[in-house]
Amino acid sequence: MSRPESILPGDAAFADFKKQCLASENWHSKYDNNGMQVWVEGQTPNKGNYVPKIHKIKCKMVIKDVSAATMYDVIHDGQYRKKWDPNMLESFDIARLSDNADVGYYSWLCPKPIKNRDVVTLRSWRVTDDEYIVINFSVKHPKYPPHSHLVRAISMLTGYFVKSTGPNSCIFIYLSQADPKGSLPKWVVNKASQVLAPRVTIETHPKGLAQVSAAADREESQPELSAVLLAEPVPRVMKSVHKAGQNYPDWKRQNSPNQKPWLYPEQSTLSVMDPAELSIQRTDSLENLDESSKMDTQDSEDSS
């Protein structure tokens, strides 16, 4: 009897993620300013002439004052994230899967009237001499089903590629393909596009709002929202991550400076879980909760 394939990412997964981070073909520029660039991947039909509904977004920062190692620590340090991530509702590691993989929970605030979201993800990481890669994707955990008061979103593939360019500089790339789920009316997509992505969609591209409105009229609005709802206003968020990197060394010196289980797995206090207990969370296996009534109520309040 053949052994089932492990859910844990292997060499091919990390190599493919790095390739996507460094690729330029079929990526459309949405923002380019002050050492930061944002792209959205072009939508191309596959064999069945099917166009994927979920956009893939990528952001690159050229960082000149923080090392790659420090930015990597910032990505991992859950205690520090509570200090710099204002959108976070709750975040915790659930269990350890291997020396370089764990499963965790994260929930975050969404602008009203959109319902707050959460995810359960398998996270895996890999470090070479001058490169750091962290990837995650949504999984089903038997003890962490969807909450009734939150919409369970899906990370199809999200991660970071950090490459050192000097002792105190690096290139920092964030890539995500995620589905916010939920069932959102067209007007919310238009409103959310104004609220969530002014720097990516509207301010840098004056025709952006018209394009989103046209997409809503064609009932193709969910992909547009996918690219902004989970990625948030990307340049602003990435600037927050950069600032977090600048402040991390001083903070860490006062908060368990030698405790870094992502570098030293023997320090981990998490319980060990068999990866076979997890399964990949597919987008079509979650119900698209209807948020329309809540939106309509909010809209009435806003107009009164």
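Helices here are DSSP runs of H or I at least four residues long, and strands are runs of E of at least two, both numbered from the N terminus. Counted that way, the protein has nine helices and 11 strands. Keep in mind as you look around that this is a predicted model.

Let's start with the whole chain. Of its 304 residues, 48% count as buried. The accessible surface comes to about 15900 Å², and carbon and sulfur atoms own 48% of that area. Now for how the chain folds back on itself: take the contacts with a separation of 6 or more, and 66% of them come from residues 24 or more positions apart.

Helix 2 covers residues 68-76 and helix 8 covers residues 234-253; their axes come within 9 Å and cross at roughly 105°. Angles from 65 to 115 degrees count as roughly perpendicular, so helix 2 is roughly perpendicular to helix 8. On the helix 2 side, the contact is made by Thr70, Met71, Asp73 and Val74, while helix 8 brings in Val241, His242, Ala244, Gly245, Tyr248 and Pro249.

The C-alpha atoms of Tyr132 and Ala68 are separated by 7.7 Å, though the two are 64 residues apart along the chain. Leaving out residues up to four places away in sequence, Tyr132 touches Ala68, Ala69 and Tyr72, along with Arg126, Val127, Tyr160, Phe161 and Val162. Is this tyrosine buried or exposed? Its relative accessible area is 12%, and the cut-off for buried is under 20%, so Tyr132 counts as buried.

Next, move to strand 6 (residues 117-127) and find Thr121. With a relative accessible area of 14%, Thr121 is buried because that value is under 20%. Again setting aside residues up to four places away in sequence, its contacts are Asp102, Val103, Gly104, Asn136, Phe137, Ser138, Val139 and Ser155.

Finally, the cysteines. Cys110 has 9% relative accessibility, so Cys110 counts as buried. Cys170 is buried too, with a relative accessible area of 0%. How many disulfides does the model have? For a disulfide, a pair of cysteine sulfur atoms has to lie within 2.5 Å, and by this rule the count is zero.

Technical notes:
Residues numbered from 1 in each chain as written. Predicted model: local features only at pLDDT ≥ 70, side-chain atom pairs only at ≥ 80, totals over all residues. Heavy atoms only, no water. Buried < 20%, exposed > 50% of the residue type's maximum accessible area, 1.4 Å probe, protein only. Contact = heavy atoms within 4.5 Å. Areas by Shrake-Rupley, 256 points an atom, 1.4 Å probe, with all protein chains shown as cover. Axes fitted to C-alpha atoms, helices over the stretch in contact; angles between N-to-C directions. Parallel < 35°, antiparallel > 145°, perpendicular 65-115°, else oblique.
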